[in-house]
Amino acid sequence: MAAQASNDGGSRPLDVITIGRSSVDLYGQQIGSRLEDVASFAKSVGGCPSNIAIGTARLGLRSALITRVGDEQMGHFIREQMVREGVDDKGIVTDPERLTALVLLSVQNDATFPLIFYRENCADMALCEDDIDPDFIVSSRSVLVSGTHFSKPGPAAAQKKAMRLARENGAKVILDIDYRPNLWGLAGHAAGEERYIASSAVSEKLKLVLPECDLIVGTEEEVLIASGENTLHDALKTIRSCSEATIVLKRGPMGCIVYDGDIPDDLEGGIVGKGFPIEVYNVLGAGDSFMSGFLRGWLRGEDHSTSATWANACGAFAVSRLLCSPEIPTWKELNTFLSEGSPHRALRKDENINHIHWATTRSKDIPLLMALAIDHRSQLTDMTDTLNVSQDRISEFKRLAVAAAAKVADGREGYGMLLDERFGRDALFDAAKHDFSWLGRPVELPGSRPLRFEFSQDIGSQLQEWPLDHCIKALCFYHPDDDADLKQQQQDKLLALYQAARKVGRELLIEIIAGKNGKLDDGTIARALDEIYKLGIKPDWWKLEPQGSPKAWANTEAAIKRHDPWCRGIVVLGLDAPVAELEKTFRACANVDSVKGFAVGRTIFADAARAWLAGEMSDEEAIEDMAGRFDRLCTLWLKCRDTKSS
């Protein structure tokens with residue numbers, strides 16, 4: 001009989017290729033609402049095989065997806081998200097004639113999840129044998145096929161071809177029964193939530209697939225439909241009579257049972273993987289997360305008990321969160337949960353696990369960041385007032401700064417910008433056309449102490465409108481020796497901002513300037529960071545004032561590592577310092593791994609701004625002046641960094 005797959009991970013480039021559905025999921029954000037009443041939706045990649053491709057990649061397997069997507073924005077989104085998640089996209093075919101599938105869902109209560117599949121002649125159901133490249137299939141240790149794609153002749157033929165090629169070349173075949181009655185034409189459009197309708201026609205098709213499988217996974221309802229039987233025990237015995245595959249029976253909150261060999265009279269006689277007691281938030285996607293966890297074990301040669309534990313834990317994460325693929329845990333997150341547990345039945349409320357999830361699913365690494373900061377407002381309005389020119393010109397100047405930064409970056413990684421909404425709206429649009437690694441936007445009211453937000457104190461509603469890749473930046477004039485009342489007000493504001501940032505899924509940079517309001521010694525910034533971390537605030541980035549003391553930077557890095565090893569790092573701010581002073585700072589922090597670069601403004605743009613606003617410098621001259629200064633500062637940073645490396 002079949003057991004776990006062998007651990008021959010180094011012999012083929014891929015561990016698993018999943019085949020079948022790919023969609024864009026739109027899940028209602030108003031929990032407790034009918035689908036008719038939902039006002040806004042969260043978007044993510046969906047579809048059983050697509051979710052499993054992402055889930056297995058997050059858990060450390062080398063995965064790929066074979067599907068079709070439309071030649072439109074939603075199809076592009078699926079492909080781009082797969083690449084971001086580390087999934088090989090060679091098998092994703094762009095269909096010029098059909099649209100990408102959509103799914104709409106609401107969480108009406110903990111047992112009711114109305115959903116609508118928009119799949120009429122959709123792209124992934126046009127999958128055909130020509131889309132199955134033999135060389136690609138042979139590159140993987142396993143292929144996963146899904147039940148829905150046996151419902152139509154074309155995709156069924158494609159999956160059967162992949163199964164045949166896999167078996168001929170010694171790869172494993174995995175079946176996710178994935179039964180949705182209305183995707184087999186057995187229920188109406190409004191019955192997407194329906195899980196089981198008996199059908200001899202469906203059963204006969206699925207039974208033909210069973211003998212070719214090494215692993216078969218399904219819920220109780222799915223086992224019934226795959227076998228054509230009316231009782232669970234008979235269903236499992238019928239499947240066993242057709243196939244020697246390992247059978248995994250998913251039982252929701254009760255966990256799962258794994259069967260190798262004969263089906264026992266007592267179904268509990270299989271290998272029982274116990275479930276985890278968690279609160280159900282949304283069951284959609286739980287099975288895909290479960291399968292991802294099981295495959296991490298099964299394909300790496302773990303025993304079935306271990307694979308089942310990982311599978312059940314992954315399923316627990318999914319049902320405790322709203323979406324499907326975005327909620328599947330990463331390998332680090334899963335291990336933290338298994339080793340430390342959680343005091344929360346609702347895992348989405350566990351701040352430690354949520355932070356690990358957030359940090360280990362960031363869209364990209366940014367090991368180097370050299371940013372031109374021109375989010376300044378009050379400094380530039382002071383210039384226009386002094387020169388007696390219109391503040392409208394500030395917006396025009398910021399667009400020139402974008403042109404300068406883009407000229408230096410030249411499409412390379414590691415460059416970014418800080419731009420504001422008040423005067424930089426058009427500049428932000430310009431920046432989006434360039435391939436900057438990072439864009440940040442301020443939310444603080446310039447000069448405010450205690451910290452205040454610029455446009456509204458309801459910061460969450462503002463952030464909801466921002467592009468996902470814009471990082472929130474908040475400057476706080478914070479000193480650890482501030483009086484208690486001032487400190488409390490600032491801390492409350494920073495905590496509210498941090499919570500809002502996490503709620504809306506935006507990265508956060510906190511800028512701390514302490515030296516303007518107290519003594520700045522080797523421990524000042526480290527003490528400030530300690531106090532902020534103790535509030536539960538874990539920003540993605542810190543932006544810190546220049547200091548010439550290596551010990552100060554070492555203390556600061558130690559504070560970050562104590563509290564948040566997942567922090568992206570530090571960027572050094574300029575405070576209008578001359579280049580010679582910045583060079584001293586760069587050299588002082590050259591041996592500090594947490595310092596990733598700088599975000600400097602007036603040292604780069606101030607002279608050009610005064611001259612251009614006064615009419616003494618043309619657009620081209622201003623761009624050249626800023627580009628030259630920015631480039632020299634980048635060269636200086638890279639030189640200091642390279643000196644550290646050598």
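## A buried cysteine, Cys640

Cys640 has a relative accessible area of 2% and is buried (under 20% relative accessible area, with exposed meaning over 50% and partly exposed in between, for a 1.4 Å probe and protein chains only). The closest cysteine sulfur to that of Cys640 belongs to Cys589, 7.8 Å away, which is too far for a bond.

The model is predicted, so local features need pLDDT of at least 70 and side-chain atom pairs count only at pLDDT 80 or more, while totals for chains, interfaces and linings use all residues. Residues are numbered from 1 along each chain as its sequence is written, and side-chain values use heavy atoms, without hydrogens or water.

Zero disulfides are found in a search of the whole structure (a disulfide being a pair of cysteine sulfur atoms within 2.5 Å). Cys314 counts as buried, at 0% relative accessibility.

## Helices α9 and α10

Cys314 also takes part in a helix contact: in α9, Thr309, Trp310, Ala313, Cys314 and Phe317 meet Trp331, Glu333, Leu334, Phe337 and Leu338 of α10 (contact means heavy atoms within 4.5 Å). Helices (H or I, at least four residues) and strands (E, at least two) are DSSP runs numbered from the N terminus.

Helix α9 covers residues 304–319 and helix α10 residues 331–340; their axes come within 11 Å and cross at roughly 100 degrees (axes are lines fitted to C-alpha atoms, for helices over the stretch in contact, and angles run from 0 to 180 degrees between N-to-C directions). α9 is therefore roughly perpendicular to α10 (65 to 115 degrees; under 35 is roughly parallel, over 145 roughly antiparallel and the rest oblique).

## Helices α13 and α14

Helix α13 (residues 392–409) packs against helix α14 (residues 421–432) at about 25 degrees, with the axes 7 Å apart. The two helices, α13 and α14, are therefore roughly parallel to each other.

From α13, the residues Ile394, Ser395, Lys398, Arg399 and Val402 meet Phe423, Gly424, Asp426, Ala427, Asp430 and Ala431 in α14.

## Arg12

Arg12 is placed in the segment before β1 (16–19). With 17% relative accessibility, Arg12 counts as buried. Leaving aside residues up to four places away in sequence, Arg12 touches Arg62, Val138, Ser139, Ser140, Arg141, Asn169, Gly170 and Ala171.
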